[in-house]
Amino acid sequence: MPVLYVVATPIGNLGDMTPRAIETLKRVDLIAAEDTRVTRKLLSAFDIHTPITSCHEHNETEKAQAIVARMLAEGISVALTTDAGTPCISDPGSILVDLAIQNNIEVIAVPGANAIAAALSVSGFAPDEFTFYGFLPRQKNALQNKLSDMAKQSKIAVLYESPHRVIALLENVEAVLPNTVCSVSCDLSKKFELTLRGDVSEILTKLKANPKTDKGEYCLVLKWQDVSQEEAKEEASLEAMLFDCVLQGLSLRDGMEKLIGQGYRKNAVYAASLRVKELLKPL
């Protein structure tokens with residue numbers, strides 16, 4: 001009977017390759033890899049000679065169909081891998097897994113290294129409850145709106161970021177949620193592994209002072225403060241400022257534009273304006 005194995009591979013240190021993962025990659029008939037060049041280096045390190053084919057974000061739909069068709073026709077077993085870590089977690093693989101399930105092919109996890117768990121474990125936080133967001137939007141307005149929503153939905157957020165964008169990401173965190181506490185990990189399990197902990201402004205200062213900040217991939221753990229209380233105070237203050245604008249002869253819309261132009265968050269100004277508008281209605 002065909003089986004699809006979802007095999008985790010090291011995120012940097014080859015010593016984290018599990019014996020079960022090695023045995024599985026040797027035993028299957030085919031390996032579906034995100035990047036065959038990367039996976040061939042891994043296979044060479046462990047003397048694995050299993051045939052390999054590519055299955056990445058640009059060809060996964062077509063490749064998944066071909067791989068599943070072959071599994072059904074020939075009864076072969078396949079191992080799914082990505083360049084590093086666990087497949088399907090902000091990496092390709094979910095299309096192949098879903099198609100295998102639809103065709104009643106058994107899917108088995110071969111667990112191992114995972115940046116999310118590693119970053120959480122060294123954060124110093126108590127992650128009884130957390131939310132994983134992967135990579136966030138790049139456009140500034142979309143990013144800031146997303147951060148605001150995240151802080152309302154979760155106590156602790158885990159996300160990925162590239163080395164070239166990590167400072168910009170944290171600058172936006174500081175702008176939207178300046179009291180955020182962070183644990184920022186880079187090059188987890190590698191020779192120059194680094195984890196910085198502190199509030200967002202402290203982390204930004206350290207990253208900007210580090211000439212190697214733009215090297216290595218980042219996994220960030222963000223712990224929000226009591227956003228609901230902070231926003232309630234902010235919006236109450238914004239209501240007073242909007243009332244003051246109206247008393248000075250400005251329209252409510254002009255007052256909103258004035259506050260937004262001064263740097264206040266658009267969402268918070270809009271929420272405050274709704275309550276002001278309600279209070280200004282004639283009895």
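This is a predicted model: local features need pLDDT of at least 70, side-chain atom pairs count only at pLDDT 80 or more; totals for chains, interfaces and linings use all residues.
Biologist: Why is α10 called roughly antiparallel to α11?

Modeller: The axes of α10 (residues 252-261) and α11 (residues 266-280) come within 10 Å and cross at roughly 155°; since angles over 145 degrees count as roughly antiparallel, the pair is therefore given that name.

Biologist: Which residues of α10 and α11 meet?

Modeller: From α10 come Leu252, Met256, Leu259 and Ile260, and they meet Lys266, Val269, Tyr270, Ser273, Val276 and Lys277 of α11. Sorted by class, the residues of this contact comprise seven nonpolar, one polar and two charged.

Biologist: What makes α7 roughly antiparallel to α8?

Modeller: Here α7 and α8 (residues 200-209) pack at an angle of about 155°, and their axes are 10 Å apart; with the limit set at over 145 degrees, that angle makes α7 roughly antiparallel to α8. The crossing of α7 and α8, however, is left-handed. On the side of α7 the contact is made by Val166, Ile167, Leu170, Glu171, Val173 and Glu174, and on the side of α8 by Val200, Ser201, Ile203, Leu204, Leu207 and Lys208. The contact of α7 with α8 holds eight nonpolar, one polar and three charged residues.

Biologist: Which residues of α6 and α7 make the contact?

Modeller: Lys140, Leu143, Gln144, Leu147 and Ser148 belong to α6, while Leu169, Asn172, Val173, Ala175 and Val176 belong to α7. The residues of the contact of α6 with α7 divide into six nonpolar, three polar and one charged.

Biologist: How do you know which strands are the edge strands of the sheet that contains β6 and β9?

Modeller: This open sheet has five strands in the order β6-β7-β10-β8-β9, with mixed pairing, and β6 (131-134) and β9 (194-199) are its edge strands, given that each pairs on one side only. From one strand to the next the twist averages 15°.

Biologist: What shows that β6 and β7 pair, and in which sense?

Modeller: At least two bridges are needed for two strands to pair, and β6 and β7 (residues 156-161) have three, in the parallel sense. Gly134, for instance, has Leu159 in β7 as its bridge partner. Helix α7 (residues 166-176) packs on this sheet and touches β7, β8 (181-186) and β10 (218-223), its direction making about 10° with that of β10.

Biologist: What makes β3 and β5 the edge strands of their sheet?

Modeller: In this open sheet of five strands the order is β3-β2-β4-β1-β5 and the pairing is parallel; β3 and β5 (106-110) each pair on one side only. Neighbouring strands of this sheet are turned by 25° against each other on average, direction ignored.

Biologist: How do you know that β1 and β4 pair?

Modeller: Against the requirement of at least two bridges, β1 (residues 3-7) and β4 (residues 78-81) have three, in the parallel sense, and Tyr5 stands opposite Ala79 in β4. Helix α3 (residues 60-74) packs on the sheet, touching β1, β2, β3 and β4, with its direction at about 145° to that of β3. As for α2, that helix lies across β2 (30-33), β3 and β4 and runs at about 155° to β3.

Biologist: What makes the contact of Asp47 with His49 a polar contact?

Modeller: The side chains of Asp47 and His49 are joined at 2.7 Å, and the limit for a polar contact is 3.5 Å. Asp47 lies in the loop between α2 (36-45) and β3 (52-54), and its phi is positive, about 55°, although Asp47 is not a glycine.

Biologist: Where is Asp187, and what is its phi?

Modeller: Asp187 is in the loop between β8 and β9, and its phi is near 55°, a positive value in a residue other than glycine.

Notes. Residues are numbered from 1 along each chain as its sequence is written. Side-chain values use heavy atoms; hydrogens and water are left out. Axes are lines fitted to C-alpha atoms, for helices over the stretch in contact, and angles run from 0 to 180 degrees between N-to-C directions. Helices (H or I, at least four residues) and strands (E, at least two) are DSSP runs, numbered from the N terminus. Angles under 35 degrees count as roughly parallel, over 145 as roughly antiparallel, 65 to 115 as roughly perpendicular and the rest as oblique. Contact means heavy atoms within 4.5 Å. Ala, Val, Leu, Ile, Met, Phe, Trp, Tyr, Cys and Pro count as nonpolar, Asp, Glu, Lys and Arg as charged, and the others, Gly among them, as polar. A polar contact is a pair of N or O atoms within 3.5 Å; within protein, one must be able to donate a hydrogen and the other to accept it, and residues adjacent in sequence count only if both atoms are side-chain atoms. A crossing is left-handed if the near helix is turned anticlockwise from the far one by less than a right angle, and right-handed if clockwise.
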